[in-house]
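Have the viewer open and follow along.

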Amino acid sequence: MAQTPTSRGRAQDRARVAGGQDHEVKYEAKKEGVSKDAVKKAVKSAGNSRNKVEAEIDRR
(Lines give C-alpha, C1' and ligand atoms only; values in the text may rest on other atoms or scores of the structure.)
Protein backbone atom coordinates (compact mmCIF):
# COMPACT_ATOMS: atom_id res chain seq x y z
CA MET A 1 0.00 0.00 0.00
CA ALA A 2 1.32 3.46 -0.85
CA GLN A 3 2.04 5.89 1.94
CA THR A 4 0.05 9.08 2.24
CA PRO A 5 2.25 12.10 1.51
CA THR A 6 2.69 14.38 4.50
CA SER A 7 4.17 17.79 5.08
CA ARG A 8 6.28 16.58 8.01
CA GLY A 9 9.64 17.32 6.39
CA ARG A 10 8.49 20.45 4.63
CA ALA A 11 8.36 22.62 7.78
CA GLN A 12 11.80 21.44 8.82
CA ASP A 13 13.17 22.19 5.36
CA ARG A 14 11.75 25.71 5.34
CA ALA A 15 13.30 26.43 8.72
CA ARG A 16 16.80 25.99 7.25
CA VAL A 17 18.96 27.75 4.68
CA ALA A 18 21.10 25.42 2.59
CA GLY A 19 24.24 27.49 2.03
CA GLY A 20 25.32 25.25 -0.84
CA GLN A 21 22.07 25.64 -2.76
CA ASP A 22 22.33 28.70 -5.00
CA HIS A 23 18.56 29.19 -5.29
CA GLU A 24 18.12 29.24 -1.51
CA VAL A 25 21.00 31.68 -1.01
CA LYS A 26 19.64 33.89 -3.80
CA TYR A 27 16.14 33.87 -2.27
CA GLU A 28 17.39 34.77 1.20
CA ALA A 29 19.65 37.51 -0.21
CA LYS A 30 16.76 39.09 -2.13
CA LYS A 31 14.44 38.77 0.87
CA GLU A 32 16.92 40.45 3.24
CA GLY A 33 18.25 42.96 0.69
CA VAL A 34 21.88 41.84 0.97
CA SER A 35 24.42 40.12 -1.26
CA LYS A 36 24.72 36.36 -1.69
CA ASP A 37 28.14 36.50 -0.03
CA ALA A 38 26.62 38.10 3.07
CA VAL A 39 24.11 35.25 3.31
CA LYS A 40 26.83 32.62 2.89
CA LYS A 41 28.92 34.27 5.63
CA ALA A 42 25.90 34.40 7.93
CA VAL A 43 25.19 30.70 7.32
CA LYS A 44 28.81 29.87 8.04
CA SER A 45 28.93 31.83 11.29
CA ALA A 46 25.40 31.29 12.65
CA GLY A 47 24.51 27.86 11.29
CA ASN A 48 21.77 26.97 8.85
CA SER A 49 18.74 27.92 10.95
CA ARG A 50 16.77 30.53 8.97
CA ASN A 51 15.98 32.55 12.12
CA LYS A 52 19.63 32.63 13.18
CA VAL A 53 20.80 33.56 9.68
CA GLU A 54 18.31 36.44 9.50
CA ALA A 55 19.34 37.62 12.98
CA GLU A 56 23.02 37.49 11.96
CA ILE A 57 22.31 39.54 8.82
CA ASP A 58 20.31 42.11 10.81
CA ARG A 59 23.12 42.35 13.36
CA ARG A 60 25.70 43.33 10.74
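Let us begin with a charged pair: the side chains of Glu-56 and Arg-60 meet in a salt bridge, with an N to O distance of 3.4 Å. The two partners sit in contrasting surroundings. Glu-56 is buried, at a relative accessible area of 11%, whereas Arg-60 is exposed, at 54%. Before going further, please keep in mind that this is a predicted model. Its mean pLDDT is 91, and 97% of the residues score at least 70. Confidence is lowest in H1, where the mean is 80, and highest in H3, where the mean is 97.

**Salt bridges**

The salt-bridge count comes to six.

| Pair | N to O distance |
|---|---|
| Asp-22 and Lys-26 | 3.8 Å |
| Lys-31 and Glu-54 | 2.7 Å |
| Glu-56 and Arg-60 | 3.4 Å |

Asp-22 and Lys-26 are four residues apart in helix H2, a separation of about one helical turn. As a reminder, an α-helix has 3.6 residues a turn, so residues three or four places apart point the same way. Asp-22 is partly exposed, with a relative accessible area of 39%, and Lys-26 is also partly exposed, at 48%.

What does the salt bridge between Lys-31 and Glu-54 tie together? The side chains of Lys-31 and Glu-54 meet at 2.7 Å, N to O. Lys-31 belongs to helix H2 and Glu-54 to helix H4, so the pair links parts that are 23 residues apart in sequence. Lys-31 is partly exposed, at 42% relative accessible area. For Glu-54 the value is 16%, which falls under the 20% cut-off, so Glu-54 counts as buried. The side chains of Glu-54 and Lys-31 also make a polar contact at 2.7 Å. Leaving aside residues up to four places away in sequence, Glu-54 touches Glu-28, Lys-31 and Glu-32.

Helix H4 covers residues 50–59, and its buried residues are Arg-50, Val-53, Glu-54, Glu-56 and Ile-57. Viewed down the axis of H4, these buried residues fall within an arc of 160°, so they line one face of the helix. Asn-51, Lys-52, Asp-58 and Arg-59 are exposed on the other side of H4. What do the buried residues of H4 pack against? Their partners are helix H1 (8–14), helix H2 (22–32) and helix H3 (36–46).

**The nonpolar core**

Val-53 and Ile-57 from H4 turn up again in the largest nonpolar core. This core has eight residues: Val-17, Val-25, Ala-29, Val-39, Ala-42, Val-43, Val-53 and Ile-57. H2, H3 and H4 are the elements that give two or more residues to the core. Which element gives the largest share? That is H3, with three residues. In soluble globular proteins, nonpolar side chains tend to be buried together.

Not counting residues up to four places away in sequence, Val-43 touches Val-17, Gly-19, Asn-48 and Val-53. Among them, Val-17 and Val-53 are themselves residues of the largest nonpolar core.

Note on methods:
Residues numbered from 1 in each chain as written. Heavy atoms only, no water. Buried < 20%, exposed > 50% of the residue type's maximum accessible area, 1.4 Å probe, protein only. Arc of directions from axis to C-beta. Contact = heavy atoms within 4.5 Å. pLDDT = per-residue confidence, 0-100. Salt bridge = Lys/Arg side-chain N within 4 Å of Asp/Glu carboxyl O. Core = buried A, V, L, I, M, F, W, Y, C linked by side-chain atoms within 4.5 Å. Polar contact = N/O pair within 3.5 Å; in protein donor to acceptor, adjacent residues only side chain to side chain.
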